[in-house]
Amino acid sequence: MHFDIPFAAFELIFTAVWLMVRVIVWVKDRQIEPKREAVLLLMYVNLAVMLRLTFFPRALVDGHILPLPFDTEMNSPLWINLRPFVHMKDYAVGRDFLVNLFGNVAMFIPTGIILPVVYLQLRRFWKTLLAGAGLSLCIELAQLPFYTRSSDIDDLLLNTAGVVIGYSIFALARRMRRVRQ
């Protein structure tokens, strides 16, 4: 069985699920906190960008994002690399290496900032680290059934490094704010 998943449909489903969860929370809490929702909107944008970059090809064709192909005959065996930094040297062009390296780190910096802002229980470094690494692991596992995507320990390590940098920015801003008060 083969079918293509268009980017617009993928994002539309993600947006619908996000909105359903937010409505359920609003009904359960019987209130809407505008400041919290603004920060959660940043998390939504962060996740939407992550989904775009991790599931759909970066290259555009005629200005359009290519669909994500799914094919049950081609998705076996699953492509997964559990040996760190083995494939980092496989990039033929230095630019591709740098895009992979810095892109995987940069993509998760906002996560390291936003998680402890939104969720008070994630204010501790190790909790944010685990949550960010868990999010990265979920993305890597979700890529497994798609033969054009790969699950790589390097991505998990680099994404987690981005969470650490983001949390460091959060902690520094928090410390500076306390000093000013």
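I started just after α1, where arginine 30 takes a positive phi of about 60°. A reminder to myself: this is a predicted model.

Next I checked the length of helix α1, which covers residues 7-29. At 1.5 Å a residue, its 23 residues should span 33 Å, and the end C-alpha atoms are 33 Å apart, so the two values agree.

Which residues of α1 are buried? I found Phe10, Glu11, Phe14, Trp18 and Arg22. I then looked for their partners, and these buried residues pack against β1 (2-5) and α2 (34-55).

Leaving aside residues up to four places away in sequence, phenylalanine 14 touches Tyr44, Leu47, Ala48 and Leu51.

On to the largest nonpolar core, which has 24 residues. Phe14 turned up again here: together with Trp18 and Phe55, Phe14 has the most contacts inside this core. I noted that α1, α2, β4 (68-71) and α3 (94-118) are the elements giving two or more residues to the core. The largest share, eight residues, comes from α2.

Last, I visited the second largest pocket, with a volume of about 180 Å³. What lines this pocket? I listed Lys35, Arg36, Val39, Val117, Val118, Tyr119 and Leu120. Both α2 and α3 supply at least two residues of the lining, and α2 gives the most, with three. Sorted by class, the lining has five nonpolar and two charged residues, but no polar ones.

Notes:
Residues are numbered from 1 along each chain as its sequence is written. This is a predicted model: local features need pLDDT of at least 70, side-chain atom pairs count only at pLDDT 80 or more; totals for chains, interfaces and linings use all residues. Side-chain values use heavy atoms; hydrogens and water are left out. Helices (H or I, at least four residues) and strands (E, at least two) are DSSP runs, numbered from the N terminus. The expected span of a helix is 1.5 Å times one less than its number of residues. Buried means under 20% relative accessible area, exposed over 50%, partly exposed in between (1.4 Å probe, protein chains only). Contact means heavy atoms within 4.5 Å. A nonpolar core is a set of buried Ala, Val, Leu, Ile, Met, Phe, Trp, Tyr and Cys residues joined through side-chain atoms within 4.5 Å. On a 1 Å grid over the protein atoms alone, a cavity is a set of points where a 1.4 Å probe fits but cannot get out, and a pocket is an open set with protein on both sides within 12 Å along at least five of seven lines; lining residues have an atom within 4 Å of a point. Grid points are joined across faces, edges and corners, and a volume is the space filled by probe spheres set on the points. Ala, Val, Leu, Ile, Met, Phe, Trp, Tyr, Cys and Pro count as nonpolar, Asp, Glu, Lys and Arg as charged, and the others, Gly among them, as polar.
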